[in-house]
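Here's a quick briefing to read with the model open beside you. Take it one topic at a time and find each piece as you go.

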Amino acid sequence: MGRMVTQASTLRIGALVPLTRPGWAEAGRHLLAGLERAVRDVNESGGIGGTPLDLLVRDTAADPQRAVAAVDELDRLGVAALAGEYHSVVARAAAGRADGLGLPFLCASAVLDALTEHPSPWVARLAPAQSHGWRLYADFLLGAGHRRIVVAAEPSVYWESGTRILRERLAAHGATLDVLDARALTPGALCEELVSRRTTALLLLVGHPEPAVPIVRAVRRAPRLGGILVGAPAGQPEFAVWAELLGADGAGVPFLRYLPERLGPLGTRVAADLREQLGGAPSFVAFEGYDTVSVLAEVFRTHGTDRAAVAEAWPRVTVEGTRGTVRFSRTPGTGVWQWAWPPVQVADRDPVAPDRFRVLHTGTGAGAGTGTGAGTGTGAGTGTGSGAGSGTGSG
């Protein structure tokens, strides 16, 4: 009787979040903060036709099998939809299982292009496909004059996909990209390879804090690598732990994040709420979490809570999110309903003040990249500026 009352009195959303290692727990904490903040806002405004939302959180810990088990459990508990997940390989496993069960899944943060093996009516995504964002990152490198790029990588479907995207984009413009196995080389040996190859940019496609932190420290201290750019397209420098571990060495490392140059009124209010909740500036991942619940809430209000109705609503719903207007469409190579596209930035931490971010390059609309110089900001999405040095191109 108690379970039946609970199910009738709340509308359940299953949340998949990495909260423990080997998952990226800090990213998971931000994702969960955004999900929770949005649930609170929806419930404070009356819920869904008077029924409050209830978030059932499961820790995926970057484990695909654990995520699949969580999807099965949440399906049995009768959730109306799934939300979240940060790690791409985990999200792909969860998406495949959700598709098989006929359970709607709105993926917040994972970017791997092919989240499902075939086009799925059940799965939608807010984060941009990896090919979209990483091509923009390659355009940034080209615009900054880099032609000899090296990737330090660990084995992963996600890293391998990113390497392929970068190589194809760079090669089309006469640049080269070599791959070094980060497991096989010490940081010192990696530095020697960079010198011998006359590398102008090193990209870290590795785990954090190991081995990313020792690699950055070694490069920063290598006298012959004083002019090299260190980049981390996957976004590690966005989070406070990067600055805590690396200090000034962690500044000037360009990364991708999915924020507009300026937040609108909703984004500004949510940023303030999330800052209070997190005890610091929210990352773009927190906004992804908030927008995920906002979209699901609008779907429930306008199309109902039946699972089939939720899935049918993906191409019909329009939601004003914290980072822009969310609409879903089919895009080649993804297999899911995709927001095409969220705003994309290449940013870094300001070497003069590492707690501030500089926006170096942006992508808007269907992928046009524009140079934005070295504008700065202390909060999410507040960096602006114009000037030379970051190049232009299509993303």
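Two strands count as paired if DSSP finds at least two bridges between them. With that in hand, look at strand 1 (residues 11-17) and strand 2 (residues 53-59): they run parallel, and seven bridges join them. Keep in mind that this is a predicted model.

**The whole chain**

- You'll find 12 helices and 17 strands in the protein chain.
- The chain has 395 residues, and 58% of them count as buried.
- Its accessible surface comes to about 14800 Å², and carbon and sulfur atoms own 52% of that.
- Take the contacts in the chain with a separation of 6 or more: 67% of them are between residues 24 or more positions apart.

**Strands 1 and 2**

- Within this pair, Leu-16 stands opposite Arg-58 in strand 2.
- How does the chain get from strand 1 to strand 2? It crosses through helix 2 (residues 25-44), making a right-handed β-α-β crossover.

- Strand 6 (residues 148-153) and strand 8 (residues 201-205) pair in the parallel sense over five bridges.
- One place to check that pairing is Ile-149, whose bridge partner in strand 8 is Ala-201.

**Zooming in on Ala-108**

- Where is Ala-108? Look in the loop between strand 4 (105-107) and strand 5 (123-125).
- Is Ala-108 buried or exposed? Its relative accessible area is 0%, and buried means under 20%, so Ala-108 is buried.
- Leaving aside neighbours within four places in sequence, Ala-108 is in contact with several residues, including Leu-31, Gly-84, Leu-126 and Glu-288.
- Ala-108 and Asp-291 are 183 residues apart in sequence, yet their C-alpha atoms are 8.0 Å apart in space.

**Cysteines**

- How many disulfides does the structure hold? The count is zero.
- Cys-107 counts as buried, with 0% relative accessibility.
- Cys-191 counts as buried at 6% relative accessibility.

- A cis peptide bond joins Glu-210 and Pro-211, with omega about 0°. Pro-211 lies in the loop between strand 8 and helix 8 (212-220).
- The bond from Ala-340 to Trp-341 is cis as well, with omega near 5°. You'll find Trp-341 in the loop between strand 13 (337-339) and strand 14 (344-350).
- Ala-61 has a positive phi of about 55°, although it is not a glycine. Ala-61 sits in the loop between strand 2 and helix 3 (64-76), and at 4% relative accessibility it counts as buried.
- Arg-198, a residue other than glycine, has a positive phi near 55°. Its place is the loop between helix 7 (187-196) and strand 8. Exposed means over 50%, so Arg-198, with a relative accessible area of 56%, is exposed.

Notes
Residues are numbered from 1 along each chain as its sequence is written. This is a predicted model: local features need pLDDT of at least 70, side-chain atom pairs count only at pLDDT 80 or more; totals for chains, interfaces and linings use all residues. Side-chain values use heavy atoms; hydrogens and water are left out. Helices (H or I, at least four residues) and strands (E, at least two) are DSSP runs, numbered from the N terminus. Buried means under 20% relative accessible area, exposed over 50%, partly exposed in between (1.4 Å probe, protein chains only). Contact means heavy atoms within 4.5 Å. Accessible areas come from the Shrake-Rupley method with a 1.4 Å probe; for residues, only the protein chains shown count as cover. A disulfide is a pair of cysteine sulfur atoms within 2.5 Å. A crossover is right-handed if, with the strands pointing away from the viewer, the path from the first strand over the helix to the second runs clockwise.
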